[in-house]
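I opened this model to look up its metal site and its packing. My notes follow in the order I checked things.

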Amino acid sequence: MKGPPPSMRRRRIAKLRSENPNLSGADIARVVGVCRERVSYVLMVEGLATKVPPAPRPHRYCLNCGKELIKNTYFCNRDCRSAASRMTLVCDVCGSHFERTRGEIRKSRNIHSSHTFCSKRCQGRWLGKTYGGRRNVPRPRESNREVALGSEAKGGKGGSGILKHLTPVAST
Ligand SMILES: [Zn+2]
Ligand SMILES: [Zn+2]
């Protein structure tokens, strides 16, 4: 068996406890090198406190209005929570200011992350400008069908109409 004899360990555990009332049983076990059960057994036998008195919690304040909080929360009420999670953004297309919750922003982050749009309409306008007026660019299958439908409506006879649409015009 390694380490000091059991009696010494026992004295050490008792000493640690009486000198450090805030040191937990697990910490004592780690310092002395025994298991936690052994520590609480020794403390019990020695008539010392086996449990650490709960440390006084630091004061918490509402992250929105600054009111002191009683419970272990970040906001004093639901209104403060939603107010703090809302952010004012500026639309990249029309320049209008609008509000979004953090959750909504996170959701829309996946597509066109670096741009902010107030509405689907503005996003559509931006896509139109960026991708040269072709709609549904992220889903090419659908846009092809639309081109085909468009050419049919104009009176074209299928194949040739589509080709005309997709071949870039080489003027200049
Ligand atoms: Zn508040
Ligand atoms: Zn807009």
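I started with the geometry at the zinc ion (ligand 2) in this predicted model. The four donor atoms make angles of 105 to 113 degrees, and the site is tetrahedral. For reference, the ideal angle for four tetrahedral donors is 109.5 degrees.

Next I listed the donors. They are the SG atoms of Cys91, Cys94, Cys118 and Cys122, at 2.2 to 2.3 Å from the zinc ion (ligand 2). I then placed one pair: Cys94 lies in the loop between strand S3 (86-90) and strand S4 (97-101), while Cys122 belongs to helix H6 (residues 120-130). The two are 28 residues apart, so I noted a link between distant parts of the chain.

I checked how open these cysteines are. Cys91 is buried, because its relative accessible area is 3%. Cys122 also has 3% and counts as buried. Cys94 is partly exposed at 40%.

Last, I turned to the packing. The largest nonpolar core holds nine residues, among them Ile13, Leu16, Ala29 and Val39. Helix H1 (6-19), helix H2 (25-32) and helix H3 (36-45) each give two or more residues to this core. Which residues does Ile13 touch, leaving out those up to four places away in sequence? I found Ile28, Val32, Val34, Val39, Val42 and Leu43.

Notes: Residues numbered from 1 in each chain as written. Chains lettered and ligands numbered in written order. Predicted model: local features only at pLDDT ≥ 70, side-chain atom pairs only at ≥ 80, totals over all residues. Heavy atoms only, no water. Core = buried A, V, L, I, M, F, W, Y, C linked by side-chain atoms within 4.5 Å. Buried < 20%, exposed > 50% of the residue type's maximum accessible area, 1.4 Å probe, protein only. Helix = DSSP H or I, 4+ residues; strand = E, 2+ residues; numbered from the N terminus. Contact = heavy atoms within 4.5 Å. Donors = N, O, S within 2.8 Å, 3.2 Å for Na, K, Ca; no water. Tetrahedral: all angles 85-135°; square planar, octahedral: opposite > 155°, others 65-115°.
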